[in-house]
Amino acid sequence: MIDQQIGALFVQVAYIGASAAFILGLRGLTKPDTARRGMQLAAFGMLLAIIGTLLNHEIVSYEFIIIGLVVGSAIGLPMGLLVPMTAMPQRIAISHMFGALAVTLVGIAEFIYTRDSAGGPGVVKMTAIGFETLFGALTITGSFMAFGKLQGFIPGRPITFPGQKLINAAVFFGAVGLYAALVVTQSSGSTGDSGLIMFAVMTVLALVIGVTLVLPIGGADMPVVVSLLNSYAGLAASATGFAIGNNILIVAGALDGASGFILSILMSKAMNRSFANVLFGAFGGEKAAASAKSAEGLTTRSVTPEDAAMRIGYARNVIIVPGYGMAVAQAQHAVRELAELIEKRGGRVRFAIHPVAGRMPGHMNVLLAEANVPYDHLFDLDEINEEFHACDVALVLGANDVTNPAAKSDPGSPIYGMPILNVQDAEQVIVVKRGMATGFAGIENELFYLDKTSMLFGDAKSVLSQVVTEVKGL
Amino acid sequence: MTALLTALGAAAAIIAATSGGAPTAAVSTTLIDAQIVEVYVFLLAAFIGFQIITKVPPLLHTPLMAATNAISAISLVASIVIAGAERPLFINIMGAVAVAAATINVVGGFVITDRMLKMFKKTEGPK
């Protein structure tokens, strides 16, 4: 008995230590030079929590635990080591699925187990288990859909069909209604199979919600969706903590939930759209097409890589604006080479990074860091927007909507009010782009038709390699 | 702030009201105490999370996501108990699958976060 109490005390001490390690670890992430050590501390905290749990007196056999740990490590380690940085959005999306899967299975197991025990789960526990399973299940399918869209086996464009909102609403209220019914009936201690059926249907409906939630959301809105799913996975983990009375789950889940929530707000703001609009709007549809300005009668100026090299090579102050196009073309290494070349010739190069450039928060930063661009060359929208005035050449690489001046000047534009990079203030603008296709918002970009703008058409990687060769020859 | 306090009060009231139906007074008191503490823990952790995470620069938002994902795989702790406790076989098996899924995130998540953070370097030497 005393042994057991000492054991329980040790478990609690391990959990408290782990909580502290998680919080301090995340604090490390507030600065690039303390980030790595912070995360090592967090990983140590995780190890502590796992060891503590293995000593839990409830555990009677270790076979299944060992099988799970071995299988999970065998999949997780190669995934962690081998996934290329370019596939990071997909990998983040799919990892939310794994996290949610674990939480949901725990929720289902806990429901079945407590149902069979005397008195049932009771209201409080049922509330937690239901929440956990509901959010867990919708995060499983939602993350899988996001993964599919990012990986490309599900079309990236918004998928809509007539009556979609009605069906979504019906499924949503069905699941929430069942959840409420479960909480109410479990409290009165009524047993029997009806509870089990309600729980099963609720879980299935939640799985459906995940699919219908992400289906109408387009590729460029993925930063919001991925952040939101991050938050859901965290909240579900926190609910697990409430269900089994475990504080470390509550703490870690709350941290994750807060992080995902903040990121989704930041991303929505950067797109000048409300949460609700991202989730239910299916942007780029009829509304955008109707109010967009036509580009007819306007002409662009196209230049050759030699011309571009001439301008870039003699520029003193260059700002590079990367976008999703750079990621698609995998041009980050060519960009870094060009940047180094300009610096060698005495110019200054900075990178201007819009919060929603790419497919997840911070996407561009990771790609450029991988290509060895020092992080003190990377600037946020707020930090650099005033600097475009003083810049000789702004080089836009596969970015479109985030540079559209219509966001400032045209109240009729669907992106009016969205914070943009003030590329049009630069003395000259060179836009590297595959063709004249519109960006995600489906609208023309006035920037491309300005006198100071030159279009350099082609695949970002090959075009930039040519520019690099030309600059070397200057 | 006021809104949060109101929310806290409401949560407490709900818990108090719903737990009121428990059979004995003693049981319901301890239940309320335990649940209230959990609500406190959640609120405080969420506050700290908000405070710290708003300070994370956009530069590190991707590592942040990978990191919080690895941390929230703490559900491994709950999965381990379910896989190893004295429960019906199929629940143990569900637990084993949950352990595997959470372990993927713990191992993969921390490894990948470290890989990313290793890449962020400052300009070398004096400029």
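Domain 1 covers 83-281 and domain 2 covers 305-472 of chain A, with bounds that come from an automatic or database domain assignment. The centres of the two domains, taken over C-alpha atoms, are separated by 37 Å.

## Basis of the model

Residues are numbered from 1 along each chain as its sequence is written, and chains are lettered from A and ligands numbered from 1 in the order in which they are written. Because the model is predicted, local features need pLDDT of at least 70 and side-chain atom pairs count only at pLDDT 80 or more, while totals for chains, interfaces and linings use all residues.

## Chain A as a whole

Chain A has 18 helices and six strands, and its C-alpha trace spans about 80 × 50 × 35 Å along the principal axes. Of the 474 residues in chain A, 55% are buried, a residue being buried if 20 or more other C-beta atoms, placed from the backbone, lie within 10 Å of its own, exposed if 12 or fewer, and partly exposed in between. Among contacts in chain A between residues at least 6 apart in sequence, 80% join residues at least 24 apart.

A:Glu370 lies in helix H15 (residues 363-370) of chain A and counts as buried because it has 20 C-beta neighbours inside 10 Å. A:Glu370 and A:Thr86 are 284 residues apart in sequence, yet 9.4 Å apart in space, C-alpha to C-alpha. Leaving aside neighbours within four places in sequence, A:Glu370 is in contact with A:Met85, A:Gln332 and B:Met119.

## Helix packing in each chain

The axes of H4(A) and H8(A) come within 9 Å and cross at roughly 25 degrees, axes being lines fitted to C-alpha atoms, for helices over the stretch in contact, and angles running from 0 to 180 degrees between N-to-C directions. H4(A) is therefore roughly parallel to H8(A), since angles under 35 degrees count as roughly parallel, over 145 as roughly antiparallel, 65 to 115 as roughly perpendicular and the rest as oblique. The residues of this contact divide into 14 nonpolar, five polar and one charged.

In chain B, H4(B) and H5(B) pack at an angle of about 155 degrees with their axes 7 Å apart, which means that H4(B) is roughly antiparallel to H5(B). Their contact has eleven nonpolar, five polar and no charged residues.

## Interface of chains A and B

Contacts join 81 residues of chain B to 97 residues of chain A. H5(B) gives the most to the chain B side, with 28 residues, and by class that side has 51 nonpolar, 22 polar and eight charged residues.

Key:
Contact = placed C-beta atoms within 7 Å. Helix = DSSP H or I, 4+ residues; strand = E, 2+ residues; numbered from the N terminus. Nonpolar A, V, L, I, M, F, W, Y, C, P; charged D, E, K, R; others polar.
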